[in-house]
Amino acid sequence: MTPHSLLCALIVAGGLLITGVTRSNAAESPEQLKAACEKGKAAACASLGEVYLNGTGVKQDDSHAVALFRRACDRGDLAGCFGLGWMYHSGRGVEQDDGQAVALYQKACDGGTVSACVALGEMYENGRDYGQAVALYRKACDGGLPMGCDHLAMMYKSGSGIPRDSEKAVQFYQKACEGGVAYSCSALGEMYEKGDEVEQDDSQAEAFYRKAAALYQKACAGGHVGSCINLGNLYQDGNGVKHDNFKAADLYQKACENGVSSGCVNLAIAYLKGRGRPQDEGDALKYFRKGCELRDQQSCDYYRLRKEGKRK
């Protein structure tokens with residue numbers, strides 16, 4: 001995930017995390033926030049900046065968001081500094097300037113806004129200063145931000161600029177997963193399922209499949225739909241869970257309905273084989289077509305061949 005995509009996701013989808021808006025502030029109307037901002041309440045200015053950034057109840061306005069974040073930051077509100085840093089980083093409402101972004105992220109991070117530490121860590125990681133990135137991610141992780149733990153885990157798992165360490169990857173994925181990062185649950189599940197990065201012997205295989213299944217279940221329920229497919233595969237094969245083609249097909253359908261093409265392929269095959277679904281060529285074609293519409297070449301190939309009366 002790029003710095004821009006991460007920060008955009010955090011600000012747009014998880015604004016309270018980014019700007020430090022309190023729940024009471026979040027419930028205030030734009031008019032109430034404006035009045036409080038004009039009276040000198042810096043946090044209200046930061047909150048109102050986010051409102052204009054996201055267009056929540058007002059006309060979306062990046063330039064106004066910049067002005068509000070700047071006012072908040074100038075008055076000492078670190079969430080406002082982080083918001084302003086992101087605007088410079090992304091070039092929204094202001095000319096893109098990584099130097100300004102770094103300075104503002106650093107100010108916010110030093111003051112305890114740990115989301116800013118993750119943003120700054122990503123900039124250092126992309127600039128190949130891995131030591132700084134690790135230190136910043138660890139600060140965020142230790143400061144209670146699960147996304148920082150997730151980033152640490154990814155670096156240790158891949159050995160990206162630091163010595164590869166599966167044990168630490170497991171440790172930090174676990175912490176991030178417990179903190180609600182669905183992707184981390186999925187990544188940790190894959191490590192247990194594959195067994196190629198978690199030390200085990202044959203006697204532990206079934207126990208590790210069970211761990212993988214539990215992690216995929218948590219990730220799937222948390223919105224990481226790719227994990228629904230992984231869990232479905234475990235049900236289909238009876239690894240770590242009781243063999244159940246019906247549950248497998250339900251999970252494939254959930255993934256397909258959420259735009260994951262491989263879920264559509266697996267569901268189509270379930271209909272072809274009568275495995276967890278009634279055997280039905282028409283429904284199989286329907287889901288192959290849907291997978292093809294999601295730009296999955298395997299689905300397109302299956303759909304074309306079945307329409308031509310051929311078998312693959």
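Let's start with Glu190, which forms a salt bridge with Lys194, their closest N and O atoms lying 3.9 Å apart. The term salt bridge is used here for a side-chain nitrogen of Lys or Arg within 4 Å of a carboxyl oxygen of Asp or Glu. The structure is a predicted model, in which local features need pLDDT of at least 70 and side-chain atom pairs count only at pLDDT 80 or more, while totals for chains, interfaces and linings use all residues. Residues are numbered from 1 along each chain as its sequence is written, and side-chain values use heavy atoms, with hydrogens and water left out.

Where does the pair of Glu190 and Lys194 sit? Both belong to helix H13 (residues 182-194), and because they are four residues apart there, about one helical turn separates them. Helices here are DSSP runs (H or I, at least four residues), as are strands (E, at least two), and numbering goes from the N terminus. Glu190 is partly exposed at 30% relative accessible area, and Lys194 is exposed at 55%. For these words, buried means under 20% relative accessible area, exposed means over 50%, and partly exposed lies in between, with a 1.4 Å probe and protein chains only.

By the salt-bridge rule, the count comes to four. One of them joins the side chains of Asp62 and Arg92, with 3.0 Å from N to O. Asp62 is in helix H6 and Arg92 is in the loop between H7 and helix H8 (98-110), so this pair ties together parts that are 30 residues apart in sequence. Asp62 is buried, at 18% relative accessibility, whereas Arg92 is partly exposed at 24%.

Another salt bridge brings together the side chains of Arg277 and Asp250, at 2.8 Å from N to O. Arg277 belongs to the loop between helix H17 (261-273) and H18, and Asp250 to helix H16 (residues 245-257), so parts 27 residues apart in sequence are tied together. Here the arginine, Arg277, is buried at 14% relative accessible area, while Asp250 is partly exposed at 43%.

Asp62 also leads us to a helix pair. How do helices H6 and H7 cross? The axes of H6 (residues 62-74) and H7 (residues 78-90) come within 7 Å and cross at roughly 140 degrees. Each axis is a line fitted to C-alpha atoms, for helices over the stretch in contact, and angles run from 0 to 180 degrees between N-to-C directions. The two helices are therefore oblique to each other; under 35 degrees would be roughly parallel, over 145 roughly antiparallel and 65 to 115 roughly perpendicular, with the rest oblique.

In their contact (heavy atoms within 4.5 Å), Asp62, Ala65, Val66, Phe69, Arg70, Ala72 and Cys73 of H6 meet Gly80, Cys81, Gly83, Leu84, Met87 and Tyr88 of H7. By class, this contact has nine nonpolar, two polar and two charged residues. Ala, Val, Leu, Ile, Met, Phe, Trp, Tyr, Cys and Pro count as nonpolar, Asp, Glu, Lys and Arg as charged, and the others, Gly among them, as polar.

Finally, have a look at two loop residues. Most residues other than glycine have a negative phi. Arg128, however, has a positive phi near 65 degrees. Arg128 lies in the loop between helix H9 (114-126) and helix H10 (130-142), and is exposed at 67%. Arg295 has a positive phi as well, near 70 degrees. The loop between helix H18 (281-293) and helix H19 (297-307) holds Arg295, which is exposed at 79% relative accessibility.
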